[in-house]
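Subject: Structure for you to look at

Hello,

Here is the structure I promised to pass on. Please open it and keep it beside this note.

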Amino acid sequence: MRHPFRARLSALLFTAALLAGFCVSYAVPAAQSVHVPVWRGSVYVNSAVAAILDEEDNMQELFSYNGTIYIPLRQAGAWMGKQVDWDQQGKTVVLSGRTTARVLAAEEATGNQQTPSERAEKEEREKNGIDIQICPDITVTMDGVEQRFHNVKGERVYPAVYDQRVYLPVRSIGTLMGMEVTYYSAPDRGDGCVFLKTPWAEGERAVLEAYLEEVRPILAELEGGFLRAVEEPDKAQAKAALPLVEALADLEIPQSEFAQYRLEQCIRPLIEQVRAALERYLADGAVGDYDAAVSDGTQLSSYYVNLHNVMLQDMA
């Protein structure tokens, strides 16, 4: 199935060859071909690490130019719930209408498996960089209104084209989405992390922090007992863990746009999975159920810690 944005945007291959001519015709700054490094960090949209995939489920590369990270505009449209189309005649990316907004989290994404040659090509690009086009003649509109973008210095910035796709700086993406943008340097996470976050609603952060304060002592008991690495199943530890997991289940999960994905899609289901596996193990003594409870419990702990850390980093 051909997607409207990809189909329309495919004309950019031809456009790239004529960019200089178009720019003269439209009396805008000349297009610029630039060699840039691939950016290998993580993009958080609220509390979820976002998978950046194209319409064919291939991982898309991000890049850095002039000190900022560029993200595919089509991806931002999906996050906002906007239809994204390409107007070839007007050289315009059109965001309009309303579709289901969704951030595909990295842990949910499967993506297409790369062949050995594709992996080698990717490694080569990551090592040596890529060539992009900075395109002042491309316009972006949202709901009929032309959008203009600026960097932190107030200087005008323009869309870029790479691999037949239009990219925008992450700060410009944040402007379109009405989100705050922060960058966190993390040497252990590739090139760092970028956070796009919905501004806190009144009292939202305090409520979320209060929830995590209730979670913390329960989690400490689980990590100090049941979740410690053991060679053999321990029925006493499992029996002690069950009321702790039930206590987590009984906590009212706060309403938080920032943490909605992490709470509703990751944490709540895992609590139920750990509880069910513990109950089965205590009833039947199956080692597989014990192992499943430990595995899911460890993942649950990781999600809680990640949520806490993302909150801190996002607000730094």
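This is a predicted model: local features need pLDDT of at least 70, side-chain atom pairs count only at pLDDT 80 or more; totals for chains, interfaces and linings use all residues.

Residues are numbered from 1 along each chain as its sequence is written, and side-chain values use heavy atoms, leaving out hydrogens and water.

**The sheet**

Helices (H or I, at least four residues) and strands (E, at least two) are DSSP runs, numbered from the N terminus. Two strands pair if DSSP finds at least two bridges between them. Seven strands form an open sheet with antiparallel pairing, in the order S1-S9-S14-S15-S6-S5-S2. Strands S1 (32-36) and S2 (38-39) each have a single partner strand, so one side of each has no neighbour in the sheet. S1 and S9 (residues 130-134) run antiparallel, joined by five bridges. His35 has Asp131 in S9 as its bridge partner.

**Ser256**

Ser256 sits in the loop between helix H8 (235-250) and helix H9 (260-284). Is it buried or exposed? Ser256 is buried, because its relative accessibility is 7% (buried means under 20% relative accessible area, exposed over 50%, partly exposed in between; 1.4 Å probe, protein chains only). Beyond its neighbours within four places in sequence, Ser256 is in contact (heavy atoms within 4.5 Å) with Glu204 and Leu208.

Best wishes
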